[in-house]
Amino acid sequence: MVKNFGEFLLFIQSMVTRTERLKTLWQRTLEESVIIGFDSVFIVAIVSAFIGAVTCVQISYNLVSPLIPKSTIGFMVREMTILELAPTITSIVLAGKVGSSIAGGLGTMRITEQVAALEVMGINSASYLVLPRIVAAILMFPLLVILAMALSILGGYLAGTLTGAISAQEYIEGLRTDFIPYNIAFALIKSVVFAFLVSAISSYKGYFTTGGALEVGAASTGAVNNSIIAILIADFVLAALLL
């Protein structure tokens, strides 16, 4: 494990030492941003909207005391969404979609000797292939998390009003109750950290793949597993340090 961590640190160092031209990296980053960000909008929208809806319905089901105002449902949906559900669940979903794609793509390039061909041409393959993916993930994850926040709260609103569990006025009142702007910043900080972990770990697993197609599949699976574990650990550490 220590050996793998050392290899990972050297891998990150090689990525930022002798980088390619800024124009080339920017073009590659834009290409990866489309793959990581735009192509993930649909799945993020579906997951976040239904998570918000289910959260609202389940809170209303458990909120049976007449002493607790109905607006508490909106308050709890907002807090759960911003602090935990939007950044963490979205990142776990993206670890499965984006992480496996990065590991599979780099692993295929490695076993077909495309990475070796880049190095023969004098190109820093880690910088050319990996750095744009990490930068694109760091740029796109916060935007997807913001989208997830909005759609999750909207999903809770629609579920609560359509099922009659809460009125629109009560839900909006709960959303406005005791709002702390720092929670938004905290969620975005988490999304940046999660973006780096998912993209870096997946790139590492794919970049050092050896063997054939079976090993590429194993690398993709390992990238998803390790990324999710890293997200959960980082989630706890950030909450302990920043809250």
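Predicted model: local features only at pLDDT ≥ 70, side-chain atom pairs only at ≥ 80, totals over all residues.
**View 1. Helix α6 meets helix α8.** Here we look at α6 (residues 125–163) and α8 (residues 182–207), whose axes come within 8 Å. The two axes cross at roughly 145°, and α6 passes α8 in a right-handed crossing. Sort the residues of this contact by class and you get 20 nonpolar, 4 polar and 1 charged.

**View 2. Helix α3 crosses helix α6.** The axis of α3 (residues 41–62) comes within 7 Å of the α6 axis, and the crossing angle is roughly 40°. That angle is why α3 counts as oblique to α6. The crossing of this pair is right-handed. On the α3 side, the residues that meet α6 include Val41, Val44, Ala45, Ser48 and Ala49, with Ile51, Gly52, Ala53, Cys56 and Val57 also among them. Their partners in α6 include Leu144, Leu147, Ala148, Leu151 and Ser152, along with Gly155, Gly156, Ala159 and Gly160. As for class, the contact of α3 with α6 has 13 nonpolar and 6 polar residues, and no charged ones.

**View 3. The largest pocket and its lining.** This one is for anyone who likes a pocket: the largest has a volume of about 510 Å³. Its lining is made of 13 residues, and those nearest the centre are Met1, Asn4, Phe5, Ile201 and Asn226. Helices α1 (2–16), α8 and α9 (213–242) are the elements that each give two or more residues to the lining. The largest share comes from α9, with 5 residues. By class, the lining of the largest pocket divides into 10 nonpolar, 2 polar and 1 charged.

Methods. Residues numbered from 1 in each chain as written. Heavy atoms only, no water. Axes fitted to C-alpha atoms, helices over the stretch in contact; angles between N-to-C directions. Helix = DSSP H or I, 4+ residues; strand = E, 2+ residues; numbered from the N terminus. Left-handed = near helix turned anticlockwise from the far one by under 90°. Nonpolar A, V, L, I, M, F, W, Y, C, P; charged D, E, K, R; others polar. Parallel < 35°, antiparallel > 145°, perpendicular 65-115°, else oblique. Contact = heavy atoms within 4.5 Å. 1 Å grid on protein atoms, 1.4 Å probe; cavity = no way out; pocket = protein on both sides within 12 Å on 5 of 7 lines; lining within 4 Å. Points joined across faces, edges and corners; volume = space filled by probe spheres on them.
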